[in-house]
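Dear colleague,

Please find below the structure that I am handing over to you.

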Amino acid sequence: MVAKTDKKRWAINILILVSACLAIYFGHYSDRQLFMLLKPLTTILVIALLVFISNKNKDKLGRMVTIALVFCLLGDVLLLFEDYFLLGLVAFLMAHIIFAISFIQYKGFYKDWISFLILFGIAGALFFWLRPGLGDFLLPVSIYVLIITFMAWQGVGLYLRQRNNAHVLMAMAVLFFMLSDTLLAIAKFKTPFYLSGVLILATYWISISLIANATRSIILSAD
């Protein structure tokens with residue numbers, strides 16, 4: 001059973017890698033139609049890492065993370081259209097809230113003030129650097145920064161509390177998510193930079209793939 005599960009995980013991860021690389025390639029070279037197909041497909045494949053675990057093995061963490069990833073998928077689709085940027089932001093905001101709740105339900109609320117000061121200090125500095133270009137997005141972006149930083153704090157806290165491979169992946173995942181959103185904010189509100197689209201998508205898919213793989217490991221190890 002373990003061998004079959006590992007083969008299935010590897011197969012899905014390979015499909016994620018191929019789909020992500022193709023999406024990034026077509027997005028970079030402005031093949032709009034293929035990009036619009038492959039972008040949501042890549043996230044659907046990430047969700048598949050959790051969907052194809054039998055229901056008897058799924059716990060609350062698995063279900064909550066799956067729901068959060070569905071909101072990520074919704075955000076992916078909405079961000080394909082410039083007019084729906086704010087709605088896309090809301091979809092990802094909901095994803096981060098659900099991720100944070102799932103981490104707290106899994107191991108409880110984590111109160112390490114050193115990691116809090118580091119993460120919120122970095123997020124605050126970036127926010128105030130970006131603030132002059134936010135315009136009408138000042139309030140929604142400020143709320144978003146608070147929520148994703150809180151989510152990252154709780155995700156990193158899983159590793160600081162109990163150091164195992166799954167929690168290492170989860171800590172890396174939330175930090176990659178912060179990095180991806182930081183790159184997106186710089187490109188949109190400060191100044192576009194070379195290969196910004198490539199870096200934003202790469203760090204985003206690394207993040208949610210790590211989250212899904214870490215969650216899958218936690219679920220199956222508890223079986």
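The notes below concern aromatic rings and one surface patch.

This is a predicted model, in which local features need pLDDT of at least 70 and side-chain atom pairs count only at pLDDT 80 or more, while totals for chains, interfaces and linings use all residues. Residues are numbered from 1 along each chain as its sequence is written, and side-chain values use heavy atoms, with hydrogens and water left out.

The structure holds 21 aromatic pairs. Rings of Phe, Tyr and Trp (its six-membered ring) pair if their centres lie within 6.5 Å; planes under 30 degrees apart are stacked, over 60 edge-to-face, and the rest tilted. F109 and W153 form an edge-to-face pair, with 5.5 Å between centres and 90° between the planes. F109 lies in the loop between α4 and α5 (113–130) and W153 in helix α6 (residues 138–161), so this pair ties together parts 44 residues apart in sequence. W153 also pairs with W113: the centres are 5.7 Å apart and the planes at 40°, so the pair is tilted. Ring pairs also link F92, F99, F103, F177, Y204 and W205 into a cluster.

Two lysines lie over rings (NZ of Lys or CZ of Arg within 6 Å of the ring centre and within 35 degrees of the ring normal). K188 has its charged end over F85, 4.3 Å from the ring centre, and K107 lies over the face of Y106, at 5.3 Å.

W153 is buried, at 3% relative accessibility, whereas F109 is partly exposed, at 40%. Buried means under 20% relative accessible area, exposed over 50%, and partly exposed in between (1.4 Å probe, protein chains only).

Yours sincerely

Conventions: Helix = DSSP H or I, 4+ residues; strand = E, 2+ residues; numbered from the N terminus.
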